[in-house]
Each structure stands twice: as C-alpha cells, then as structure tokens.
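Here is a short briefing to read alongside the model. Take a look at the fold, then we can go through it topic by topic.

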Amino acid sequence: MEINLKITDRNGVLHEVAAPTDMSMNLMEVVRAHELAEEGTIGVCGGMAMCASCQIYVLEGAEKLQPMEADEDAMLAEAFHTQDNSRLGCQIPITEELEGLSVELAPYP
C-alpha cells in the first residue's frame with residue numbers, strides 16, 4: 001500500500017509524493033528516494049538521530065505521529081533552525097496512519 005505525503009523542499013516547492021508503507025522506510029528515506037534535498041544534505045548520519053540534517057517542520061497531521069523519543073528530543077535540543085513543530089524525518093516511520101501528512105524540510109545547517 002502507498003500513502004500520499006506533501007513535502008515542501010528547501011526552495012519552497014511543494015511535492016506531492018506517494019510512499020510505500022510495506023518497505024520499513026522512514027520520512028528521511030522518502031525524501032532521499034524522491035531526491036527532494038541536495039545530495040549530502042539529508043540523512044548525513046544515516047538515520048541514527050545524530051545529526052538533524054533531516055529535520056522537518058510538521059505543517060499538517062502532527063497528531064498522526066508517534067510521540068518523540070528521548071534520542072530525537074535530545075538531538076533537536078542541539079539543532080539549528082528548530083521550531084515547536086520540528087521533528088527528525090529519520091524517526092518517522094512510514095505507516096498508513098500518515099496519509100496526508102504535510103511537512104517542510106528545515107534549512108540545512
């Protein structure tokens with residue numbers, strides 16, 4: 001099954017993309033797969049919640065996300081450009097519940 005996501009890239013361009021729910025992907029990997037961020041500027045740590053290069057702002061659908069865990073919270077506490085709606089894309093697994101989620105990529109540090 002696939003879900004539809006709205007991802008605004010770092011240039012302000014909105015992309016409506018389909019993401020598979022059966023491949024154990026996370027939001028950072030979806031951004032990479034659709035080449036929505038310049039190579040080497042997203043997922044620098046490989047999705048280990050250690051760099052914040054995949055930081056996103058949740059525009060719509062925050063209630064659909066799993067609660068933030070301690071590692072993600074700690075990384076965002078040290079990251080640049082954080083907002084109240086900041087999350088790490090690598091910590092958001094793609095599930096059916098995320099249908100219609102709308103996010104924006106945070107500026108690259």
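How far is the sulfur of C45 from the closest cysteine sulfur? The closest one belongs to C51, at 3.8 Å, which is too far for a bond. Please keep in mind that this is a predicted model, where local features need pLDDT of at least 70, side-chain atom pairs count only at pLDDT 80 or more, and totals for chains, interfaces and linings use all residues. Residues are numbered from 1 along each chain as its sequence is written, and side-chain values use heavy atoms, leaving out hydrogens and water.

**Cysteines**
- A disulfide is a pair of cysteine sulfur atoms within 2.5 Å, and the count by this rule is 0.
- C45 has 25% relative accessibility and so counts as partly exposed, a class between buried (under 20% relative accessible area) and exposed (over 50%), using a 1.4 Å probe and protein chains only.
- C51 is also partly exposed, because its relative accessibility is 22%.

**Fold**
- The protein has 2 helices and 5 strands, taken as DSSP runs numbered from the N terminus (helices: H or I, at least four residues; strands: E, at least two).
- Along the sequence, these elements follow the order β-β-α-β-α-β-β.

**Size and packing**
- The C-alpha trace spans about 35 × 30 × 25 Å along its principal axes.
- Of the 109 residues, 44% are buried.
- Among contacts (heavy atoms within 4.5 Å) with a separation of 6 or more, 65% join residues 24 or more positions apart.
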